[in-house]
Amino acid sequence: MHALLRTGLIAPARYLEALRIVRDDAFWQRWGRRTLLALAVGQILVGIVFFFAFNWADLPPFAKLGVIQAGIALCTLGAWLGRNQPIAWEALLTAAVVLVGVLLAVFGQIYQTGADAYTLFVGWAALILPWVLASRALVPWVVWLAVAGAGAVTYAMQIAIPMGWISVEGAVLLLAVFYAGVLLGREAATRFGVRWLQPLWPRRLLVAAILALTFTTAVSGLTESVITPAGWLAMAGYSAAAVGLGIACVVLLDLPAVVMAVLSGCLFLTVAGGRIVFEWLDPEVGGFGAVVMLVLAVFGAAFALLRRLRVWMAAHV
Amino acid sequence: MSDARTADLCRRLDLDSETVHAIATATAHSDLPWYMHVLTGIGAWFAATAMILTVGAAIFPALDESSLPLTAATFGAVVATVSAITHRSHKQAFAVQLAVAGALAGQGLLAGGMGWQFESVTVAAVLAGSTTTLFIVLIKDQLLQFLASTATLCLIQAALIGHDMPQAGGLLAAPALAGALTLLIRPLGPQDLRGLAYALLLIPVAAQSVLGVGGLSADWLARATYAIGLIAMLWLLWHDATPGRRALVAVAGAAALLLGAVIAAGMLASLLLLTLAYTLGNRMLASLGVAATVWFLGQFYYDLELDLLQKSGMLVGAGLLLLALWWHWHRQSATEPGHA
């Protein structure tokens, strides 16, 4: 529309009229209704939360737990009643799944279950797993993966790493391998025609999670004054993840996922190159200049590669 | 834009369909996907930062502290000028992003250096505003327009707060909102000022979240500004609505105004963003409006003028009213022919 405006085909005075003509009216009507409903339900829920926050200290433990359990029961019942409406089913099941975590947190607060945060996350993940398996909906699965990941991280930090059973890098790589397994499962399931797994955003979310986990550990190892064997392991793990995911996503013709792998690779190469440069050169005598050359070379090559891949993918879709 | 809508547009505005198709096709082909812009942007911004540090590391150690502000300002002016020339002479995505990063860094050094020299945020704001004007005139880049305008508006807001101006948020929001709505609803034609318009619209809203909530006395000007903006948008919707829908628009408007009046200026601003998104069919504004609504509802918790019981009653009451409106709209849509 702005291109038409710039060329003078549409007069500024008729811009709004032109927008209304090209606007997807059905979409915006639906959006308006859903936003209004979300605003209404959101405000009522926030109002209820404020009400309990006002009286929280005076509520007996039974009432506190009862309120949350009633919320879980109502959400589950609502999901069952609205099972023919995918949005209601998914939203209410997700709310119930989240409320289980709130219930465990309040339980821990009332009965002082100890300082081991992993028990909350592991218990939460275990309790909701049957619902998640039965849900056939994406958002409860994403919540479960996040809770399970948090459980694994807190268990590693509080038990496994202090006991010397595993290094930080090893724990992170194991979690990344777990998410890679989930990603493989998703890809296999979509091949077998599981329709609710068809949207691409879970794949991209998992790719982002694997890259973020391995990248941060690899960069952390790379920026140590002396690179330890665990640091080398983290870098090897990241390299395998970035290259593997990059190639797999090229085969799957998923350019945004390829861009994530390439971008993380560019950043990793820049950090690695920066380390080498500043070991040899001072900032005042050309260190930053060398970094400029490095960044231009790395990102320029990546951009050229991605442009070619974009054309190739467009021809193969 | 689908073919059917393009045809409808050409028919109703009496446009040549072949020309419109040619322009639409050329625009679609020249546009890289946003995630590739992100990649080039990150690379270019790294490179620009390293370039500036290269020169800075060579110049600044040789200077004494008293001459640093003016040197930084001069260096900034040079960087901004070189970047502007680069932007005008190159069309490749990487070079353009490099120029945007350089221009913005130049603006920051120039405004920051002069502000440091005169120990005045106002001086920095004036210089940032002047540089932004030059960028808008010389460089046709929406990202740079948005970022440079954002920097200027942030400095203006900081200057207003620094001078202990009462109603500082409203003083920025009032003229900014007027400008933003004008540019978004009735653009200037050949001059594309969307970057400026989005900065004028969004930065005062963000400022509301920083300024916080403090009851009607603290932000009546901002509330009045957003209420007037919302009424203007609702009037446009009312004007465009079928006679059967006009009552719904009027009641929804009254509910929104009531809600904004009792909660916070930020809540009114969020509702304005949602209404504007609906009117313009703008998904980015819709997402920002939703995020702002959630944010300002959460911030309402910290309003110390009311206790939680009063807030709870207000929110549940407003929620029930909105639920009734939704039900009415839902029923009305279901009875209309060809509803989705």
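User: How many residues does the contact take from chain B, and how many from chain A?

Analyst: This is a predicted model, in which local features need pLDDT of at least 70 and side-chain atom pairs count only at pLDDT 80 or more, while totals for chains, interfaces and linings use all residues. Residues are numbered from 1 along each chain as its sequence is written, and chains are lettered from A and ligands numbered from 1 in the order in which they are written. Two residues are in contact if their C-beta atoms, placed from the backbone, lie within 7 Å. The contact takes 60 residues from chain B and 61 residues from chain A.

User: Which element gives the most to the side of chain B that touches chain A?

Analyst: Helices here are DSSP runs of H or I with at least four residues, strands are runs of E with at least two, and both are numbered from the N terminus. The elements of chain B that give two or more residues to this side are α1 (3–13), α2 (17–30), α3 (34–59), α12 (265–280), α13 (283–300) and α14 (308–335). The residues of the side divide into 40 nonpolar, 12 polar and 8 charged, where Ala, Val, Leu, Ile, Met, Phe, Trp, Tyr, Cys and Pro count as nonpolar, Asp, Glu, Lys and Arg as charged, and the others, Gly among them, as polar. The element that gives the most, with 16 residues, is α14(B).

User: What do the buried residues of α14(B) pack against?

Analyst: A residue is buried if 20 or more other C-beta atoms lie within 10 Å of its own, exposed if 12 or fewer, and partly exposed in between, with C-beta atoms placed from the backbone. In α14(B), the buried residues are K311(B), S312(B), L315(B), A318(B), G319(B), L322(B), L325(B) and W326(B). They pack against α11 and α13 of chain B, together with α3 (25–55) of chain A.

User: At what angle do α2 of chain A and α1(B) pack?

Analyst: Axes are lines fitted to C-alpha atoms, for helices over the stretch in contact, and angles run from 0 to 180 degrees between N-to-C directions. On the α2(A) side, which covers residues 15–22, the contact is made by A18(A), I21(A) and V22(A), and on the α1(B) side by R5(B), D8(B), L9(B), R12(B) and L13(B). By class, this contact has 5 nonpolar, no polar and 3 charged residues. The axes are 9 Å apart, and the angle is about 145 degrees.

User: Why does A250(B) count as partly exposed?

Analyst: A250(B) has its place in helix α11 (residues 243–262) of chain B. The C-alpha atoms of A250(B) and L237(B), 13 residues apart along the chain, are separated by 9.6 Å. A250(B) counts as partly exposed because its C-beta neighbours inside 10 Å number 14.

User: Is Y111(A) buried or exposed?

Analyst: Y111(A) lies in helix α5 (residues 86–111) of chain A. The C-alpha atoms of Y111(A) and G286(A), 175 residues apart along the chain, are separated by 61 Å. Because Y111(A) has 9 C-beta neighbours inside 10 Å, it counts as exposed.

User: What radius of gyration does chain A have?

Analyst: The secondary structure of chain A comes to 12 helices and 0 strands, and 29% of its 317 residues count as buried. The radius of gyration is taken over C-alpha atoms, and the globule rule is 2.2 Å times the number of residues to the power 0.38. A compact globule of 317 residues would have a value near 20 Å, whereas chain A has 25 Å.
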